[in-house]
Amino acid sequence: MLNQTSVTEFLLLGVTDIQILQPVLFVVFLTIYFLSLAGNGAILMVVISDPRLHSPMYFFLGNLSCLDICYSTVTLPKMLENFLSTHKTISFLGCMSQLHFFHFLGSTEAMLVPVMAFDRFVAICKPLRYPLIMNHQVCTQMAVTIWITGFFHALLHSVMTSRLNFCGSNHIHHFFCDVKPLLKLACGNTELNQWLLNNVTGTFAMGSFFLILLSYFYIIIYLFFKTRSCSTLHKALSTCASHFMVVILLFGPIVFIYIRPASASSVDQDWIVAIMYSVVTPVLNPLIYTLRNKEVKGALRRLIKRRL
């Protein structure tokens, strides 16, 4: 992953250069990071420790929590460090590593969410065949495939970006290293990198989004025609709506940043949108997926009682 460049480090300009706001933002984002670690860590603990939650749905939920913990950790610690430091640099290797793991975990999560939606589709629409279709071996294979695919998707971007020639400014107008801000600093032709970003990442995002829509569409249609209980239908629609809010928060910013054409004002807009899916979504996932889940809340209470 060696590059032909005179730049050995980059300067992360962050979210603001107003010094008086730095300590305030540090407290805000430290709180968000702590909530993300606590919420997702609690879910991961109960999914692993409680035998009652050893089912496909909670297996994938545990994967999501693990992803969200790692996803937040890729960007937030460096962001918090820069709020309190005047030395906001990151080495070239550190920048490429951050870029790789950000896209690795992000693309893996983007593929995991439609698998979770498919799991709910099978559980609701094919309940008798659910244990056969979503058996332990199948779930494990699906999870491993998703993680491996996400890794190689990110490797494509990190290798192609690292081979660019950076001979000018090293100031990144962002709070972490991402492909798009780095392409603006590169010397020479970046059309192939931009094409990969728009088409490969775009295919991942839109394909996953379409599969989620398809799963929830079939669930709603099935319940509408098969369920006679209004309360059951209302509960299912409410659950689908809350899950769909997570999908919008995840895929909306991805489409905004990686698929839409670049514009002169996009640099100032991208970091704001990036906060939504890299900082806010990992905090909301535990709340939305477990807030009304009696099994998870019961498992948390049992875990707390055992610890006391």
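**Entry 1: α3 and α7**

Which residues in α3 meet residues in α7? Before answering, I noted that this is a predicted model. On the α3 side I found A110, M111, V113, P114, A117, F118, R120, F121, I124 and C125. Their partners in α7 are F204, S208, L211, I212, S215, Y216, Y218, I219, Y222 and L223. I sorted the residues of this contact by class and got 17 nonpolar, two polar and one charged.

Next I checked how the pair is arranged. Two packed helices are described by the angle between their axes and the distance between the axes. Helix α3 covers residues 92-125 and helix α7 covers residues 191-226. They pack at an angle of about 15°, and their axes are 9 Å apart. Angles under 35 degrees count as roughly parallel, so α3 is roughly parallel to α7. The crossing of α3 and α7 is left-handed.

**Entry 2: what the record says**

I looked up the UniProt entry, which is unreviewed. Residues 100-118 are 100% helix and 0% strand, with end C-alpha atoms 28 Å apart. Residues 204-225 are also 100% helix and 0% strand, and there the end C-alpha atoms lie 32 Å apart.

**Entry 3: V247**

Where does V247 sit? I found V247 in helix α8, which runs over residues 230-259. Is V247 buried or exposed? Its relative accessible area is 1%, so V247 is buried. Leaving out residues up to four places away in sequence, V247 touches V113, F209, I212 and G252. Two of those names were already in my first entry: V113 in α3 and I212 in α7. I also looked at V247 and P114, which are 133 residues apart in sequence. In space their C-alpha atoms are 9.2 Å apart.

**Entry 4: α5 and its partners**

I moved on to helix α2 (residues 56-83) and helix α5 (residues 136-162). Their axes come within 10 Å and cross at roughly 20°, so α2 is roughly parallel to α5. This crossing is right-handed. From α2, the residues P56, F59, F60, N63, C66 and L67 take part. From α5, I listed C139, T140, M142, A143 and W147. By class, this contact has nine nonpolar, two polar and no charged residues.

How do α3 and α5 cross? Their axes come within 8 Å and the angle is roughly 145°. The crossing is right-handed. Its residues divide into 15 nonpolar, eleven polar and no charged.

**Entry 5: stepping back**

Last, I looked at the whole protein. How many helices and strands does the protein have? I counted ten helices and three strands. Along the sequence they follow the pattern β-α-α-β-α-α-α-β-α-α-α-α-α. Of the 308 residues, 47% are buried. I also looked at contacts between residues at least 6 apart in sequence, and 81% of them join residues at least 24 apart. The V247 and P114 pair, 133 residues apart in sequence, came back to mind here.

Methods
Residues are numbered from 1 along each chain as its sequence is written. This is a predicted model: local features need pLDDT of at least 70, side-chain atom pairs count only at pLDDT 80 or more; totals for chains, interfaces and linings use all residues. Side-chain values use heavy atoms; hydrogens and water are left out. Axes are lines fitted to C-alpha atoms, for helices over the stretch in contact, and angles run from 0 to 180 degrees between N-to-C directions. Helices (H or I, at least four residues) and strands (E, at least two) are DSSP runs, numbered from the N terminus. Angles under 35 degrees count as roughly parallel, over 145 as roughly antiparallel, 65 to 115 as roughly perpendicular and the rest as oblique. A crossing is left-handed if the near helix is turned anticlockwise from the far one by less than a right angle, and right-handed if clockwise. Contact means heavy atoms within 4.5 Å. Ala, Val, Leu, Ile, Met, Phe, Trp, Tyr, Cys and Pro count as nonpolar, Asp, Glu, Lys and Arg as charged, and the others, Gly among them, as polar. UniProt positions are given in the numbering used here, feature names are shortened, and annotations may be inferred rather than shown by experiment. Buried means under 20% relative accessible area, exposed over 50%, partly exposed in between (1.4 Å probe, protein chains only).
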